[in-house]
Amino acid sequence: MIIDKAKEVLRIEADSILKLAQNINASFEELVNTICSSTGRVVISGIGKSGLIGKKIVSTLISTGTNSMFLHPVEAVHGDLGMVSKDDVFIAISNSGETNELNQLLPVIKDIGCKLAGFTGKTDSTMAKFCDIVIDTGVEKEACPFNMAPTSSTTAQLAMGDALAVVLITMKKFKKSDFMKSHPGGMLGQRLSCKVGEIMFKASTAPWVLTGSSMSLALKKMDKFRLGAVIVLDKEEKLKGIITDGDIRHCMAKNLTDLNTRSVDTVMSKNPQTLTAQSFLYDALNLMEKYQITVLPIVDKHNRLDGLLHLHDILGKGSFQFNGGPQ
């Protein structure tokens with residue numbers, strides 16, 4: 001009974017998606033052309049389950065080259081509406097087309113002047129009457145035995161959103177290389193499976209000073225290597241501590257005027273976090289994130305310095321871009 005019921009749900013939802021293909025008409029083509037010619041963003045809004053579907057569609061659009069954002073109807077009337085401009089294309093999602101929070105927002109959206117489209121299962125609904133473009137996402141029934149819980153209807157909305165995103169990929173000539181640029185996680189994931197020893201600075205090329213050295217020497221090493229840190233070792237080359245840019249800032253905040261003449265032992269952070277050369281880069285990245293650090297001393301089993309790992313080397317020194325620029 002359990003398996004049969006599950007199969008029935010899948011059949012109902014699959015049939016709902018197949019019937020969407022019969023409903024696609026010139027309105028869908030108009031929406032695609034409107035988005036392609038727009039100089040603004042695609043703004044999607046919905047509430048409840050439709051809102052969750054809207055967020056997923058926004059995520060898909062963004063990752064495939066269409067600038068998009070999700071706008072919650074309630075948050076919109078409390079200030080977020082200022083993010084919408086006349087150059088945007090606004091898509092409202094509601095199966096019934098009678099969602100009060102959304103319908104109260106639509107007249108204001110029309111006043112802003114942006115094109116208004118709707119995904120709805122009721123093409124004669126209040127929401128549909130506000131829209132310039134209506135996309136029919138109606139289903140015959142929900143997979144829920146009470147025909148109440150959004151199941152087939154949300155699946156249909158999601159499928160229509162995917163259809164929109166994929167058609168826009170073709171229309172905008174979005175390439176696989178463009179997709180990879182917006183998904184550094186795939187390449188980064190491959191890199192994180194490498195060992196620390198494959199990319200770290202070897203001990204012979206890493207910035208370090210001996211205990212008892214002056215901060216003047218340590219600062220010269222930091223300036224020369226520009227890694228934001230210098231390692232402090234004892235005479236047996238065992239790790240004693242690390243001095244980072246943060247340690248320097250803390251000293252400056254205390255108005256220590258004798259910083260240059262101080263011993264590195266009075267400034268360094270003792271017992272820093274470490275890894276071995278055989279550790280995986282994903283372990284290093286997790287450690288850096290946990291302790292909010294960018295440099296890790298790499299040691300052998302005797303705690304002797306083996307190398308130095310910097311966050312930028314994990315990320316590929318500019319191969320990955322976040323927030324619009326190389327890190």
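Helices (H or I, at least four residues) and strands (E, at least two) are DSSP runs, numbered from the N terminus. This is a predicted model, in which local features need pLDDT of at least 70 and side-chain atom pairs count only at pLDDT 80 or more, while totals for chains, interfaces and linings use all residues. Residues are numbered from 1 along each chain as its sequence is written, and side-chain values use heavy atoms, with hydrogens and water left out.

The confidence of the prediction comes first. The term pLDDT denotes the predictor's confidence in each residue, from 0 to 100. The protein has an average pLDDT of 89, and 91% of the residues score at least 70. Over residues 318–327, however, pLDDT stays under 50, and the model has 14 contacts beyond four places in sequence for this stretch; a contact means heavy atoms within 4.5 Å.

Most residues other than glycine have a negative phi. K173, in the loop between helix 8 (152–171) and helix 9 (176–181), has a positive phi, near 55°. Q292, in the loop between helix 13 (281–291) and strand 11 (295–299), also has a positive phi near 55°. Relative accessible area is judged with a 1.4 Å probe on protein chains only: buried means under 20%, exposed over 50%, and partly exposed in between. K173 is exposed, because its relative accessible area is 68%; Q292 is likewise exposed, with a value of 68%.

The spaces in the structure can be examined next. Rolling a probe the size of a water molecule over the atoms shows where empty space is left. On a 1 Å grid over the protein atoms alone, a cavity is a set of points where a 1.4 Å probe fits but cannot get out, whereas a pocket is an open set with protein on both sides within 12 Å along at least five of seven lines; lining residues have an atom within 4 Å of a point. Grid points are joined across faces, edges and corners, and a volume is the space filled by probe spheres set on the points.

The largest pocket has a volume of about 370 Å³. It is lined by 19 residues, of which I242, T244, I293, T294 and V295 are the closest to its centre. Strand 9 (239–244), helix 12 (245–253), strand 10 (269–270) and strand 11 each give two or more residues to this lining, and the largest share, 4 residues, comes from helix 12. By class, the lining has 7 nonpolar, 8 polar and 4 charged residues. Here Ala, Val, Leu, Ile, Met, Phe, Trp, Tyr, Cys and Pro count as nonpolar, Asp, Glu, Lys and Arg as charged, and the others, Gly among them, as polar.

The second largest pocket holds about 240 Å³ of space. Among its 16 lining residues, N95, K122, V139, E142 and S153 are the closest to the centre. Helix 8 gives the most to this lining, with 3 residues. S153 is found in helix 8 and is buried, since its relative accessible area is 1%. Beyond its neighbours within four places in sequence, S153 is in contact with N95, V139 and E142.

Finally, the whole structure contains 1 cavity of 30 Å³ or more. Its lining consists of N23, I24, N25, S27, F28, I135, D136 and M160, with helix 2 (26–37) and strand 5 (133–136) each supplying at least two residues.
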